[in-house]
Amino acid sequence: MTEYIKATYGEDKWEEIRRAAGVDQPSFSTHQVYPEGLIPRLSKKAVQILKVSEKEFFDQMGVFFIGFVSQYGYDRVLSVLGRHMRDFLNGLDNLHEYLKFSYPRMRAPSFICENETKHGLTLHYRSKRRGFVYYTMGQIREVARHFYHKEMKIELVREELLFDMVHVTFQLTFDNRAFTLASLTMTREEKHLPISASVLFEIFPFCIVFGSDMVVRSIGNSLMVIMPDLLGKKITNWFDLVRPLTAFKFSSILNRTNNIFELATVEPILNDKPIDRQELVLSDELDAFNDEKNLRLKGQMIYMDNWKMMMYLGTPVMPDLTSLINSGLYINDLSMHDFSRDLMLAGTQQSVELKLALDQEQQKSKKLEESMRKLDEEMKRTDELLYQMIPKQVADRLRKGENPIDTCQMIYMDNWKMMMYLGTPVMPDLTSLINSGLYINDLSMHDFSRDLMLAGTQQSVELKLALDQEQQKSKKLEESMRKLDEEMKRTDELLYQMIPKQVADRLRKGENPIDTCEMFDSVSILFSDVVTFTEICSRITPMEVVSMLNGMYSIFDRLTERNRVYKVETIGDAYMVVSGAPAKEGNHAERVCDMALDMVEAITDLKDPSTGQHLRIRVGVHSGAVVAGIVGLKMPRYCLFGDSVNTASRMESSSEAMKIHISEYTRECLPPSYKVQERGEIQIKGKG
């Protein structure tokens, strides 16, 4: 759904729908389990926001799905399910059986075909999940067009709710001449080869033969070992019909022989296995221990016309060796001629490289998410500190930077005096199957030939999809990290222009502002202001005043970087710098005096808008001890406290235009290379 909305309507619409539906996670993973109500919630909002009907939305999403999975190789799985469209539809119910290897807990729908003609057929769709009718219609129609090059018309004939299950009847109209070809009776002259029951039950050790009264007449050798009491009993009392979703009756089975049938024992299979085998059950599997002891069979129903009975050719469904152990079976109880043993021992046939890559991507995503969280927290603390110093809207503008082989079994047929070879084609992948001219429905239905053929490809496809999603997620996280890191740098630069870096870092760690205050025994402080600033302001507009001060302060700010002094603050036309704090410097007086000289020289390039003459400033410098730090909670500033600050201010106020007035303490700190002219005694306010 996510990819469909993004591809069709754009990412902005997806984000709008996600937020409107109250869904927090921005992306989803293939193998992650999500709440059942998530898709209905999202689709409801999608229909409202996109202004489309529910039918159009789900139908087109079903069409999109076929193309979407093709990019991960899933189209190869779908393309080999049958030679003709009718084969695909008749095997549609079985398709979800193959998917169970990747999704063992999947609540799969059931599909049953009937009333087939050369013009189409009737398709029954049953599911415990509601709301996917139009989605299914879109998928089937697109499969017909994409893989079989047929135009199909699908009519929704009836939809009804039976208990907790939705039953939908579709009428599918398409070119189905393949049905006519399949209906032609093909005969061949065969020599009658009688076969004994003992051989039959050896070949099919889990077969069950029962009559129209559902009473079991015969069973295979392995079933005879673990369920000897089944003979003579009704199969319905011993087994539940799991799939297809139809009544467990002889007549119903007779009409569904093209489907795979899955049976599960009503009660767990009791066995007398040695204790040490039971101990192989891992502790985290104990909760499902009893469920695993129920025997599940999957296979094909064949009506034996000469017997007037039904033969069920079943094979045990075992996800792993633990299930085999719990059911009381051994590997040699399984058929030798098919893939039952292979599938059991193969386990989950997934690509090790893909699984490892997926795991690495998930770990990478987890680390990135953690880094994102920490960086986000750091960003919030920095923003809080920054917004205390300047208005949020101003800070935000500044941060934007404004200005294949065979497996087989040989059985000697004694009464024939011949050898019977029971073979099953082994194809390493779907390419081999396609190149051999075979399709899935050419393989046996009663064993795991079809399952094993699709299992590896299916799981690789799903892993590739999951890996791709994780890589996209990592890519998005990395991009978000990059943007957040850039934003963090801009915020830091702005903050460090207002508060010393070492002080700002301490505040962001949660220190009390008062704890940042520190005593400095020797610093040099500079004050400057514009001569006749009040008169100039009276002759020009406020915006011209702002422009003038901005031009002057921009020049002075560049000079602070050249001379490596710290700008403390500006108040009106007054400009204040210090050296020796917040970082202690031995040559603080030299730095400040160099700054003063540069200021006097640079101001000559700045004009008074009211007269056209260059601006004039006076400068004062004093050296001494101060206390420096942050005080208060609102609008925090790095401030200097002490008599040295007052003295530096008096040096400036008593200075002359375009002159630098320094105190005796500052002169003592300067080397002889600096030329200083005695001024004589003058009256200093508050100092005498």
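How many bridges join strand β5 to β6, and do they run parallel or antiparallel?

Guide: Happy to, keeping in mind that this is a predicted model. Strand β5 (residues 207–210) and β6 are joined by 3 bridges, and the two run antiparallel.

β5 and β6 belong to an open sheet of 6 strands, and if you walk across it the order is β6-β5-β10-β9-β8-β7, with antiparallel pairing. The edges are β6 (216–219) and β7 (239–243), each of which pairs on one side only. On average, neighbouring strands in this sheet are turned by 30 degrees against each other, ignoring direction.

Carry on to β9 and β10. Strand β10 (residues 309–316) pairs with β9 in the antiparallel sense, over 8 bridges. Met 304 has Met 309 as its bridge partner in β10. The two strands make a hairpin with 4 residues between them, and Lys 308, in the turn, has a positive phi of about 60 degrees. On to β8: strand β8 (residues 260–265) pairs with strand β9 (residues 296–304) over 5 bridges, again in the antiparallel sense. Here you can pick out Leu 263, whose bridge partner in β9 is Leu 297.

The structure holds 25 salt bridges, and a few deserve a visit. One of them joins Arg 539 and Asp 608, at 3.5 Å from N to O. Arg 539 sits in helix α23 (residues 533–539) and Asp 608 in the loop between α25 (588–602) and β16 (617–630), so this pair ties together parts that are 69 residues apart in sequence.

Another salt bridge is formed by Glu 585 and Arg 591, whose closest N and O atoms are 3.3 Å apart. Its arginine is the buried end, with Arg 591 at 12% relative accessible area, while Glu 585 is partly exposed at 26%.

Then there is Glu 656 with Arg 679, meeting at 3.6 Å, N to O. This pair links distant parts of the chain, 23 residues apart: Glu 656 is in the loop between α26 (643–653) and β18 (660–662), and Arg 679 is in the segment after α27 (664–669). Glu 656 is partly exposed at 43% relative accessibility, and Arg 679 is partly exposed too, at 36%. There is also a network of salt bridges, linking Glu 15, Arg 18 and Arg 19.

One last stop, back on a strand: Asn 115, which you'll find in strand β1 (residues 110–117). Asn 115 is exposed because its relative accessible area of 55% is over the 50% cut-off. Setting aside neighbours within four places in sequence, Asn 115 is in contact with Gly 120, Leu 121 and Thr 122. If you also find Gln 171, 56 residues away along the chain, its C-alpha atom is separated from that of Asn 115 by 9.6 Å.

Technical notes. Residues numbered from 1 in each chain as written. Predicted model: local features only at pLDDT ≥ 70, side-chain atom pairs only at ≥ 80, totals over all residues. Heavy atoms only, no water. Buried < 20%, exposed > 50% of the residue type's maximum accessible area, 1.4 Å probe, protein only. Contact = heavy atoms within 4.5 Å. Salt bridge = Lys/Arg side-chain N within 4 Å of Asp/Glu carboxyl O. Pairing = 2+ DSSP bridges. Axes fitted to C-alpha atoms, helices over the stretch in contact; angles between N-to-C directions.
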